[in-house]
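Hi,

Here is the structure I promised to hand over. My notes follow below it.

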Amino acid sequence: MEYFHGSIKKGLSELKPIASPFSNLKEPLVYLTTSRQLALHYIWDMERIGVKMPMLDIRKDGTLVFQEMFSGALEYFYKGVSGYIYRCIGDYERNSATGVHSCATSSTAVPVTDFEYIEDVYESIISYGDKGTFIYEKYEDLPQWRIDVIRGHVIRFIKRFDLLNDMTHPSCRFIQEKFPQYWKEAQVLNDYKLL
């Protein structure tokens, strides 16, 4: 079967298992998807951003819905970012524990069959809108209840990674820059031992 893996890393001949601090699975794994479109969203510049937060809802029909958590998020994460879609052929087991129905994982290295260079990930993602398989939900258009959900998600993220006490965490700067009001709220909750 054909699988895809998105990365900013060039020249990979195999994909090696890693333990990602942003995954709900803690063991080292290679993450693959049957969706080339989804693989685009994982071409991610961690050094620039410090966090991995694709903000996607994947519908049962395969349509990807990008849900902005702040204004201009899609461009912020992907505009001008280049990378690679690695294609792998093999019998890899789908892993429902990832929460993504098109995802398979491997605990051993996965050989790369070939790859495709993506010059601008943002433009490639947007192109799927013309095909009807991508929906872009902008922050400004979200109802209040969705903004409340985002608030809860960000505050839980601050707590989960103990960001108030670990200013060296790679996500600190990002959270403070993009969610200053939630950062202040988390500080108050923490001061009153409510976080």
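Arg151 is partly exposed, with a relative accessible area of 32% (buried is under 20%, exposed over 50%, partly exposed in between; 1.4 Å probe, protein chains only). Glu185 is also partly exposed, at 25%. The two form a salt bridge, with the closest N and O atoms 2.2 Å apart (a side-chain nitrogen of Lys or Arg within 4 Å of a carboxyl oxygen of Asp or Glu). Arg151 lies in helix H5 and Glu185 in helix H7, so the pair ties together parts 34 residues apart in sequence (helices are DSSP runs of H or I, at least four residues; strands are runs of E, at least two; both are numbered from the N terminus).

Two notes on the basis. This is a predicted model: local features need pLDDT of at least 70, side-chain atom pairs count only at pLDDT 80 or more, and totals for chains, interfaces and linings use all residues. Residues are numbered from 1 along each chain as its sequence is written, and side-chain values use heavy atoms, without hydrogens and water.

The structure holds eight salt bridges. Arg146 pairs with Glu137 in one, at 2.8 Å between the closest N and O atoms. Arg146 counts as buried at 16% relative accessibility. Glu137 is partly exposed at 21%.

Glu137 is also the bridge partner, in E11, of Gln67. Four bridges join strand E5 (residues 64-67) to E11, and the two run parallel.

The buried residues of H5 include Arg146, Ile150 and Phe157. The buried residues of H5 pack against E5, E11, helix H6 (172-178) and helix H7 (180-191) (contact: heavy atoms within 4.5 Å).

Best regards

Notes. Two strands pair if DSSP finds at least two bridges between them.
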